[in-house]
Amino acid sequence: MAITRRQFLTYAGGSAAGAVIFQACGVPADELLVQSPVEMPEDMVSGLDNWYATVCKQCGSGEGIVVRVMEGRAKKVEGNVDHPINQGSHSVRCEAGLQSLYHPDRIRSPLVRVGERGSGQFREISWDDAIGRLSLQLKNLSESGKSNSAVMITDPASAHIGMIVDRFMSVYGGRHMGYEPLERTGLRRAVKQVFGQDVMPDFDIKNTNVLLSFGADFLNTWGSPVRYSRGYGEFRQGDRKRGTFYHVDSRFSMTAANADNWVYVKPGMEGILALSIAQVIVSEGLGDLDAARQFTENNSLDLDAFEPSKISQKIGVGAETIRHIAEDFAKHGPSLAIGGGATGGHSNGLFNLTAIYALNYLVGSVNNPGGVVFNPAPVFEDVPVVPRVDSFLDFQRLVGDMKAGSVGALMVRNADVWHGLSDSSGFKDALFDVPLLVSFSGFMDDTTSMSDLVLPEHNYLEDWGSDIPDIGPGYQVLGIQQPVVRPFFESRGSQLGTRNFGDVLISLASELEIDLGLDAENFQDVVKNSVRELYDSNSGSVRSDSFAGFWNGLLQRGGWWDTAAIADNVSTIPILSEPQDPVFGGGEFHLIPFTTTGIGDGSGASIPWLQATPDPISTVTWQTWVEINMKDAERMGIEEGDVIEISSSVGSIEALAVPNPGAPPLTVGVPVGQGHRAGGRYAKDRGSNIYAILEANIDSASGALAWASTKVNISRVGRSEPVSKLENTYSEPPRDEEQLIIKITPLDS
Amino acid sequence: MLERQGTDMADQKWGMVVDIDKCTGCQACVVACQSENNVPINEEGHFTQRRAIEWIRIERVWEGEFPDVKARFLPVFCQHCDEAPCEPVCPVYATYHNSEGLNVQVYNRCIGTRFCANNCPYQARYFNFWEPTWPESLKNQLNPDVTVRSRGIMEKCTFCIQRIRRSTRDSDREGTELEEDNRALSPACVNACPTQALKFGDLNGHLGEEAAEHLEGHGGHGDSHHGGRGYHMLDSLGTHPNVIYLKKVDPSAEEVEAHG
Amino acid sequence: MASHVDVKSHQGHGEGQYVPFTTQEEVVSDLITKHTKVSDKWISGVVAAGLLLLLGVVGFAMRLANGMDDRVVWGYYALMFAFILSTASAAPMIAIAPRIANAHWRRPISRAAELWSAAGLFSLLLFIPMLWILPPLNDGRRSLWFFDPDDPVYSQVPIYTPHIWAALAILGLVIVGFVLLWLSAMPDLALMREHSTGFRQKFAAKLSGNWVGTTGQWNMLHHRMGIIGAFYFMMLIFVHFLVTMDFLIVLVPGWIDALFPITHAANALQAGVATVILSMIFMRQFGGYKEYITLEQFWGLSKLLFALSLLWFWFWFSSFNVFWYGKKPSEQAVLELLMVGPYLISFLAGFVLSFLAPLFVMVWNPVRKSIWGPTIMSVAVLFGVFFDKLRYYVAAYSVPGIGDAHVHKHFMDMDAIPKVHMPGLPDIFIILGVIGGAVFFYLIFARLIPPVSIWEQKELMLYKVHKAYHRTEVFVLGKPR
Amino acid sequence: MQEHVQLTQKEINDDLLAPVLGMPKWWYGAVGFLLLVIFIGLAAYGYELYWGMGVTGLNRPVMWGFYITNFVFWIGISHAGIMISAILRLTQAEWRRPITRAAEVMTLFSLVAALSNIMFHVGRPWRLFWVYPYDFSRGLFMNVRSPFVWDPSAVMTYLIGSSLFVYVALLPDLAVVRDRATGKYAPTVYGILCLGFRGTPRQWKLQGIAGILLSALVLPVFVSVHSIVSWDFAVAIGVEGWHSTIFAPYFIIGAIHSGVSAVAMIMALVVWLYKADRYIRPDHFDAIGRLLIVVSTTWFFFFFLEWVFALYTLESPEIAMRELQVFQNPFWWLFVIFLLTSYFIPVPMWLFKSVRRSPMWMFITTILVNIGMWLERFLIIIPGLARRQPFEFDWGSYTPSLVEILIVCETFAFVSLGMLLFAKVFPLIPIFDMKEGMILRDEIRIGRRTVPASIRETP
């Protein structure tokens, strides 16, 4: 039949109206409902899917991922089997990238503040306008010769983004600072001192036999958890003898739960314990003695002061235990000692870490299989591999400058300084003395909500980029990040929507007429150009006779790596820093903040999946809780769900009590990352922020914040709320009466 | 119904081997499953109401008190029992055994008596107490191969049957043999697991041999407990699960023998 | 419209409907003479039963020669104990229940039922050896009494708790049975005291006490019989509970069947009815009580037998369904052992004879309302009960590894199911002997006490009155409270 | 035996037809109130339909709650009707006469109430019809292995059977009403309803036989219904403490316990509301009291057995479940109330003749019994599902939501309203039965004593 134009319009209108009506009824995602009473809808496979390789930017460890894309939408994240870091596995947070991509509260275009600073009222502006405003301010600064008062704070940015930022700031003459909430500057210093390495080494857990870890929650959040877990799987049940795993910690973490023996040590005493172990090894003539002599003499260290029986009382570990660990550690090599986490977060953090890592020399597991394996020199000379991270001391200086009004423009990218810096730093007040606060974040985190100007960047799944893992696998790796989907807000035109951070800097540079010295007009080309030298070197995992072929290979494999390019053996003598006892503030309870499986250090707080991920030990979700020893709780009449006030000299927060049998007495563990003032519907005003009340104790040796050295008092507010945990509330901890988990002893014991 | 005509699928029997000694409780499997299977977002309320849906959940069990305290992790999900107690009690055949040993749930058949949930000894079945909702933009992530379950019906682990279907269909189209250790085929949780504690496969194939080795208690390389650690959870109920657990190795464990 | 009827004014007629005698004196003299006259039928019966009893003793001795440690061979002995417990001890209920419900048809047969409680004495004798056959508690077997093997006190006591309790309970049951018999016989004994001579007269004089039949005494008698009857019933249930629990169920690991004691009891009542029907037919044919034991009695009892058969089936099915549906290995093993396994034949025999046959035959009123229908059915039921008990007791007594707590906690695997245990010669002797023994006891007591209750007959003549009503004739039944 | 009042047929007619032909003052008030409660309950159900089961207190693993408890309770109550009229009719117990109909009618309405609970319970009630043989077009049949398929079929059969039962027993009275009824339509309607019953000997004979036959036939159904309800629980191996063989008889006897108590309640109400004290005499209460003593004691024995065997297994999940039932809050005090109200308070009281013969006391005690028996079902279902073991990690707890409570109240209001309306339209005390009773009474004089007697046809 012939349809006249008029009829057609009426039909169209009618159907449109119908659609609207049905929409109004709010039938949920009904395009996905298959109404057949006999077939499982899963039996009807629909559509074709593609898998694109890229790099996960949710956390620093740089896992390679493949993303399943159907009809231009990202559906599923899985590990990239080829990628050396995670070999196909992935963590909770990689998966959650999808929800950060499609998060309902993403910033949809450049914004300028209209209301009070921090009022969170913004107006959409065009990119030209936004870049114009920023460049204007920067121009003024440079013209008035105060260009060094422009400060850029980024997350620990490495690879090409890091390069561009560095170049931009250096050419412009401003300052670039790297920020990490629970900073690891101490750790990096320790690695430098003990191993003489600039790059973090790799730990060969896969082949080690006795694993001795101090405070590092390495199976959960610390370092490169997925890579370590891969190793751990082999370590437990591989084609090898089952390894033994000692975990020394003053909190019962998930890693501690997986250890064969969890050794509780008083907070900050790990270094002393390490030296005591060393003393046993040396005095009993086990292990590599001249290495021992070397570093004792070199550090003029009197080991006998650390004879177990002398210090056992002080550190709260039995002398027998120490001996046993030491002997096991020295005799049944290859052995490996790792330290990190809260261990490095004390006023004597650097000493702890150096002492711990030095143990590896005694058993000859430095740069050997089953031990500490060094990472080689970076892939490129000009691209920084070591992310820039500044210590708390530096930030205190910055705050000083800000107060003094000598910071003209503060630019922030991916660094939620507002949320992460303790009130004791005075940053929050000082921020109001800064005339211009610019955020490049693609998401309305706390700092962005305080800013005057927002230049939102792409989500990493929409974006070009590269990644050189902070903690490499022992050989050269370059991860290539490619857009797996078109930018979500592309439809809003080139003047609105989001942009690549590198591109923004490049166009900013051209506005300011400064030359970044890279012959490329966008970031994609920057990456492309610099990988040419890999193509020329014609080595490693991807080779091709044409550069185009090479580039495609990179994109397909998700990166480039060269197992041949390993570190050359260096023999250094570890430099231990001065043995010292930890210093604590006043208060009854040790406060040990910890990062959680889900939201990590707080950067994941906006993502519902991560919020809903149960904490492995307490199974709590969505909330801020206090791990407290059951006997303490009994003593203080605290029951699960009671609202607890945690007060330090800096301030106080509220959290829900969750007594657990693993928590040591007079120690409270509190997860970081909640209590955002912004951060979208899933994070805003949820829980409370433990960072805020950390005291400004500083590890004088490294300048790092001693974030585990705060002591607090806790008290019941009198209110109590249901704890949103996967497990039900119990008066007695579940004991597995029915032996769902059956245990057997190893054959050799 | 679910048999695919003209193929050899019917003589496959999907199953899983879970190594408790490897499981670290990192929850990667949980989120992977939720992303693959359009599991509704578990909001705070769902947890406090004890209605959170996790097709695979990590149970944590305490042993002892501080200082000598231990916590164990146990991944629990539908065991796809051959003698599934949930199947006979469903009045409308919403759940039944298909030809590949999978215990399948036909969502649209379900009328929500919740009888199956009561009769599942593993408590692996979850009920949609509320209508699942997503913000408009998050719907872009939903997996088109998996339906969204409306309120009032049961749901549970399907061993990612949609992946099995897709890869078998592909192998049919390419005329290739379907090989069992294949990431396109194995469930999301298995692919995610960072310690490789989960192993998916065909109990009539390689996995079956491995499982038999574990269950019969011999095999194993040197002294690293390889064979002999296998057991079925709650074996004395005679549900004949298709999931084999491998015992936790613990130097301090007092030796306990599995029942049955 | 209350009409007052003079008892004397009505002539009864029609065979089998009511007592053909017009005066109470006639009834008394007739029954007394029938009781005192020793018929050679009785003598031959006693002799036959006595011989069987001897045979049984021989069989028992043969078993005893091999000692009591091997529980398996004693299975048939246990079976016979249970059989007597189910038949003889349950029979008196047929006197008690209708008496409480005030049903007049019971009157001629209530004594015949009560007399079986005398045979109940035999069940007590049978039980004594069981105390040694059953394993003591301190080898770790389960018990209702949660006996702790390590308990210093109990482990010193030579005989263990369930044994003591069960023995006491059975003793109590027998005593109560005798008391009941004595009470209900008292007026008749008084009559014998007056009318009979010789040892029987002395014996009656001793037992009848100071019965003279004052109103007070009558009221007291009715009252007491009510109480004692109810008490007997409770004791019976309790005994079945203890015996099944501690002497049967505990022997089979995984046999956690809370309903079984009741199933056992219901089965016993069924057997009791059958027993009474059988004794009725014998009294009718050989005892010469044709005029007293009439169709009405058979009809009443056959309804009861029918109902009880259905009840038993329902109990059995309730247990079976739960086990069968649950598919637990432990319970599968129990079903395998007790039903579909080695004892399948026995199970089928029991099922057909004590349920299917009564169901399909007695569903017809003409069959129920006849002399031979109920008789044949009760024979069938008795055999059915025998086979049903066989599969339980013989099977249970042949299960190994009772002491093993692990075996008890979890199921025993299928290949450990014991083979069927066939009866040997001693077992057959025992079976015959026990039956003979029971009959022997019964006959002896039937000599001492009138097997038809004289005073209840007399009462009947008062309460049951025929009269004309409009154009038809009805009878008026008095319902005293 | 009793202070029996001999009444003429006219008196009987006038008394028993009064509620039908006349209209008590309190009637409108009562009906209005009940309607209000029902309306609120249905509103709550509408709310549940709109939002889903989330509005209830159910959770994982406690997937069954108030609704199923209530379902079992009403099924239990429904057993009284048949128990009283069928069994007592077969055993020719004279005292049954005035109370049979009230009991049967209660059966009908409580059955409907029970069925409605299933509708409240399921997640997608609009597909409930799938449990019936239907849907062949989709090549599907319901799963006959499931107790939830046995349930509806048994309950439906029971409903049909017992309504026939009521109707047959109603015929002669309908005829009487037809003759007395005034007004435009009433006589016609009753005329149609009574199927032209005119009281010819043949009609009487048929009516009598039909009654006997139906009572004999409905008894097996009556047994099967509650056995099946019990198997909803007993066949489950997933729940420790449900998997017990004794459940079927235990539930039946429990049902009779609560049902007969309910009948005693109704009797008292009828005496008060309809001034029927000339028909329902103290010794009717006496008789039902005696019956109750027997029933409740039997029930208690079954209860005892169930516990003995539960503990006898010594399996930790079972022990843990019992521990939860008896010692944990809130179950421990519910358990205490349950024991006291369902046995330890009423039964000792019933031992006293004075209590048995007083409508007031019987009313109070039987109400207690029903509270107790409701709790009994609750205490079987919830602690069982809470499942401390084997998965201690996610054992559950349960608190009913307001919605559930309102809906439960609605079912009670519904049954009461049904009874009231029925009593308005039909005589609640069977007229012909009473007359028969009066006619068949007689007395025998033995010496100075006069013994009450009843006239029987010669067999």
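## The contact between chains A and B

Two residues are in contact if their C-beta atoms, placed from the backbone, lie within 7 Å. This is a predicted model. By that rule, the contact takes 91 residues from chain A and 90 residues from chain B.

Several elements of chain B each supply at least two residues to the side that touches chain A. The helices are α1 (28-36), α2 (44-48), α5 (161-174) and α6 (188-192) of chain B. The strands are β2 (57-63), β3 (70-76) and β11 (248-249) of chain B. α1(B) gives the most, with seven residues. By class, this side of chain B divides into 42 nonpolar, 24 polar and 24 charged residues.

## A strand pair across the two chains

Strands also join the two chains. β28 of chain A covers residues 743-744. Two bridges join β28(A) to β11(B), and the two strands run parallel. Within this pairing, Ile744(A) stands opposite Val249(B).

Strands of a sheet pair through backbone hydrogen bonds, either parallel or antiparallel. The next sheet shows the antiparallel kind.

## A three-stranded sheet in chain A

Chain A holds an open sheet of three strands. Their order is β1-β2-β3, with antiparallel pairing. β1 (50-55) and β3 (73-79) of chain A are the edge strands, and each pairs on one side only. On average, neighbouring strands of the sheet are turned by 30 degrees against each other, direction ignored.

β2 of chain A spans residues 64-70. Six bridges link β1(A) and β2(A) in the antiparallel sense. Which residue of β2(A) is the bridge partner of Tyr52(A)? The partner is Val67(A).

A helix lies across this part of chain A. α2 (residues 92-101) of chain A lies across β2 and β3 of chain A. The helix runs at about 165 degrees to β3(A).

## A helix pair in chain D

Two packed helices are described by the angle between their axes and the distance between the axes. In chain D, the pair is α8 (residues 247-273) and α9 (residues 282-312). Their axes come within 9 Å and cross at roughly 155 degrees. Angles over 145 degrees count as roughly antiparallel, so α8(D) and α9(D) are roughly antiparallel to each other. The crossing is left-handed.

Both helices supply residues to the contact. From α8(D) come, among them, Tyr250(D), Ile253(D), His257(D), Val260(D) and Met267(D). α9(D) supplies residues including Phe285(D), Leu292(D), Val295(D), Trp299(D) and Glu306(D). By class, the contact has 16 nonpolar, six polar and one charged residues.

Terms used:
Residues are numbered from 1 along each chain as its sequence is written. Chains are lettered from A and ligands numbered from 1 in the order in which they are written. This is a predicted model: local features need pLDDT of at least 70, side-chain atom pairs count only at pLDDT 80 or more; totals for chains, interfaces and linings use all residues. Two strands pair if DSSP finds at least two bridges between them. Helices (H or I, at least four residues) and strands (E, at least two) are DSSP runs, numbered from the N terminus. Axes are lines fitted to C-alpha atoms, for helices over the stretch in contact, and angles run from 0 to 180 degrees between N-to-C directions. Ala, Val, Leu, Ile, Met, Phe, Trp, Tyr, Cys and Pro count as nonpolar, Asp, Glu, Lys and Arg as charged, and the others, Gly among them, as polar. Angles under 35 degrees count as roughly parallel, over 145 as roughly antiparallel, 65 to 115 as roughly perpendicular and the rest as oblique. A crossing is left-handed if the near helix is turned anticlockwise from the far one by less than a right angle, and right-handed if clockwise.
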